[in-house]
There are 2 protein chains.
Amino acid sequence: MASSIHDLARHLNISIGTVSRALNGRADVNAETRQRVLEAARKLNYSPNQSGRSLRQGATRSIAFMLQPHPGDQQYGEPFFIPFLTGLQARLAEHELDLMVVMGEPGQYQQERLRRVVETRRADAVVLANTRREDDRIDYLSKAGFPFATLGRSQSGGDTYPSLDIDFERAGDEAVDRLVARGHRRIAAIRPSLDLNFGYLFLDGYRKALKRHGIEVDPGLIADGFINETGGYQVTPRVMLSKDRPTAIIFNNDAMALGGCKALAEMGIRPGHDIAVIVIVDTPLCRYFSPTLTAFRPALEPMGRRLAEMLLASLPAHAGPEGPRTIREVWPLELVARESD
Amino acid sequence: MASSIHDLARHLNISIGTVSRALNGRADVNAETRQRVLEAARKLNYSPNQSGRSLRQGATRSIAFMLQPHPGDQQYGEPFFIPFLTGLQARLAEHELDLMVVMGEPGQYQQERLRRVVETRRADAVVLANTRREDDRIDYLSKAGFPFATLGRSQSGGDTYPSLDIDFERAGDEAVDRLVARGHRRIAAIRPSLDLNFGYLFLDGYRKALKRHGIEVDPGLIADGFINETGGYQVTPRVMLSKDRPTAIIFNNDAMALGGCKALAEMGIRPGHDIAVIVIVDTPLCRYFSPTLTAFRPALEPMGRRLAEMLLASLPAHAGPEGPRTIREVWPLELVARESD
DNA sequence: CGTTTTTCCGTAAACGTTTACGAGAACACA
DNA sequence: TGTGTTCTCGTAAACGTTTACGGAAAAACG
């Protein structure tokens, strides 16, 4: 069914070498010949077989994205990633690169999946998300010399790979700023308990801002929980029952915020009235919850596009004339003020 | 860096043919030899290069999923698809098949992307979503003889491909049933204006149920809109301003329901009090909206797994002993009763 | 012991490309 | 006309596998 370059060559009474050169825009082919080849290719509906190309060129022209649902993330996964993926894929597609999505089992670590992709050369590069503070995946890829980029920073692997992250530190800082400006002094912080790096960054910003305002950090107002609704539900009462009750809470995750608000409701505490709530990393849920939740929003789709660019710039095969570069960027979040604070 | 089967053979003083047969579990290889090969493979960290395999075997061992954002679907795409994808990918991974995600530009039709995948043989089969009532993609794939399966039915292509769909007809029917049982007689239906097949199925069920209850179908209570929040916002007033105002609305899409509720709010009409609202196809938003929205929920993750099975069963290379089968299934939705009706 | 069968392995072709190399023809130049 | 250059194309190797085929050695059989 599928026509090969041999069919095309036979049909034109030409060698396959010439056909290939004509199609690939090489200079050493007569203009008229090229024309004939292109026309015949269109007529016979020829497209080069990707497996053949990959084998010969040692490049698959596809990029793997590793997405791993968090443990306990039952019903609906990460609405977070779809717009990011959209942007990533759009930019990759411009370079005729395809996107392979590799998901892990929720909770199980992704190493094996990753190894398989790398060792069987299924992709030319990898994009990692949900970076941990110390991340074996990064160590492994660095050691293997396999190209990759990450959404999110990590302490692993040094500065040898492109990374794009949200400025969680600044978000934590600004959230405190805003709350202090509105008269709050007892501000709680709730973040995921996993080793996810953004939890640390957020807390750094939170602490820094408190310090700047001369407010002492109260460990009783900082709590870690499972990174889902249940986690937020379980851990929120803990900070609320501390000796000197907080008047504001910053949640470092939307799902945890929703669970937290449920806990608050059961305690008869109304966000937006009795307590201020700010969420870091907005999702559609924040907009539709009642009360609507003030949140910091990242530009996910542009970030996807940007990370694709950064990854490509680091690949010798796609880098510009100045050669491969390793770019690292941290993007700000935009505050979306709503009712909850 | 990457070791090839040649390295392995040289290291063992064996021919590459034997190595390959040993690794692939062929019978005609000595038990001890096989053992040696397997050990060496582990030691040299050998995995077969996928491009080489693909070329030789004429199969890429990857499946393409075509995901197309709806036009105007700006910020957050389809939270709908993540759990489905999770299930799909999980089952495929069990067969060592990888998942390639191909997204179209929002609004632009996917034909070219699809052609590219098919003609360059990047994938062994395709999974389609967002099936239209008449769907060129299905026509194209059928004609090309390329294996595929669909999430959602279509009128195109006959019964020649596996498909898995939600029973929108029954959901429309049950929604009416429930509302009638609660005393409603004037029930509006709002659905997307695109040629998406589920819109038709839903309306069939809606009409059937009305008929059964002896209620005449009022065209003024049926409206089509853009399949997003804005669409719901724009079109809802239209049914509300019909001569005899409805006491209930069934939305055939969650985003449209949210926009519709916004329009209702602006008219001073409170869902759950002044009007009953039911949504077909639950998403997390329905659960967090205020009031929480009664909705029909599909089992997305199991559906993803099931469609993978159905697709595999239709592929000669993966079918069981009884040969390839074309399975088609329609799955029920589960009603999640909340506050809005 | 001779013959047949089985076991095991090496050889080589094939999958569909791309590309280094070289050669013939055409052309330019003196 | 002789020599060097440019243009254009064909040849063949290479990428890393799998697998059909055949043959040598070993085993089984009479």
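**Exercise 1. Two helices of chain B**

Task: In this predicted model, find how helix α2 (residues 16–23) of chain B packs against helix α3 (residues 31–43) of chain B.

Solution. 
Step 1. Take the axes. Those of α2(B) and α3(B) are 9 Å apart, and the angle is about 90 degrees.
Step 2. Name the arrangement. An angle of 65 to 115 degrees counts as roughly perpendicular. Therefore α2(B) is roughly perpendicular to α3(B).
Step 3. List the partners. From α2(B) come B:Thr18, B:Val19, B:Arg21, B:Ala22 and B:Leu23. They meet B:Thr33, B:Arg34, B:Val37, B:Leu38 and B:Ala41 of α3(B).
Step 4. Sort them by class. This contact has 6 nonpolar, 2 polar and 2 charged residues.

**Exercise 2. A further partner of α2(B)**

Task: Describe how α1(B) and α2(B) cross, and which residues make the contact.

Solution. 
Step 1. Start with the geometry. The two axes come within 9 Å and cross at roughly 105 degrees.
Step 2. Apply the range of 65 to 115 degrees again. So α1(B) is roughly perpendicular to α2(B).
Step 3. Read off the residues. α1(B) contributes B:Ile5, B:His6, B:Leu8 and B:Ala9. α2(B) contributes B:Ile16, B:Val19, B:Ser20 and B:Leu23.
Step 4. Count by class. There are 6 nonpolar and 2 polar residues, and no charged ones.
Step 5. Link the two exercises. B:Val19 and B:Leu23 take part in the contact with α3(B). B:Val19 and B:Leu23 also take part in the contact with α1(B).

**Exercise 3. Around DNA strand D**

Task: Work out which parts of the protein surround DNA strand D, and which of its atoms they approach.

Solution. 
Step 1. Count the neighbours. DNA strand D is surrounded by 27 residues. The closest are A:Thr18, A:Thr33, B:Ser20, B:Arg26 and B:Arg56.
Step 2. At least two residues each come from α2 and α4 of chain A, and from α1, α2 and α4 of chain B.
Step 3. Sort by class. The surface has 7 nonpolar, 13 polar and 7 charged residues.
Step 4. Turn to the DNA atoms within 4 Å of the protein. Sugar or phosphate holds 60% of them, and bases hold the rest.
Step 5. A backbone N or O atom of A:Asn30 is 2.8 Å from a phosphate oxygen. A side-chain N or O atom of B:Arg53 is 3.1 Å from a phosphate oxygen.
Step 6. Look at a base. A side-chain N or O atom of A:Asp28 lies 3.4 Å from a base nitrogen.

**Exercise 4. Around DNA strand C**

Solution. 
Step 1. Of the atoms of DNA strand C within 4 Å of the protein, 59% are in sugar and phosphate.
Step 2. Check the bases. A polar side-chain atom of B:Arg21 is 2.9 Å from a base oxygen.

**Exercise 5. Relating the chains**

Task: Find how chain A is laid on chain B.

Solution. 
Step 1. Turn by 180 degrees, with a shift of 0.0 Å along the axis; the RMSD is 0.1 Å.
Step 2. The two copies are therefore related as by a two-fold rotation axis.
Step 3. Locate the axis. In chain A, A:Met100 comes closest, with its C-alpha at 2.1 Å.
Step 4. Compare interfaces. 98% of the interface residues of chain A are also interface residues in chain B, so the copies meet through the same surface.

Key
Residues numbered from 1 in each chain as written. Chains lettered and ligands numbered in written order. Predicted model: local features only at pLDDT ≥ 70, side-chain atom pairs only at ≥ 80, totals over all residues. Heavy atoms only, no water. Axes fitted to C-alpha atoms, helices over the stretch in contact; angles between N-to-C directions. Helix = DSSP H or I, 4+ residues; strand = E, 2+ residues; numbered from the N terminus. Parallel < 35°, antiparallel > 145°, perpendicular 65-115°, else oblique. Contact = heavy atoms within 4.5 Å. Nonpolar A, V, L, I, M, F, W, Y, C, P; charged D, E, K, R; others polar. Near = heavy atom within 4 Å. Polar contact = N/O pair within 3.5 Å; in protein donor to acceptor, adjacent residues only side chain to side chain. Least-squares fit on C-alpha atoms with pLDDT ≥ 70 in both.
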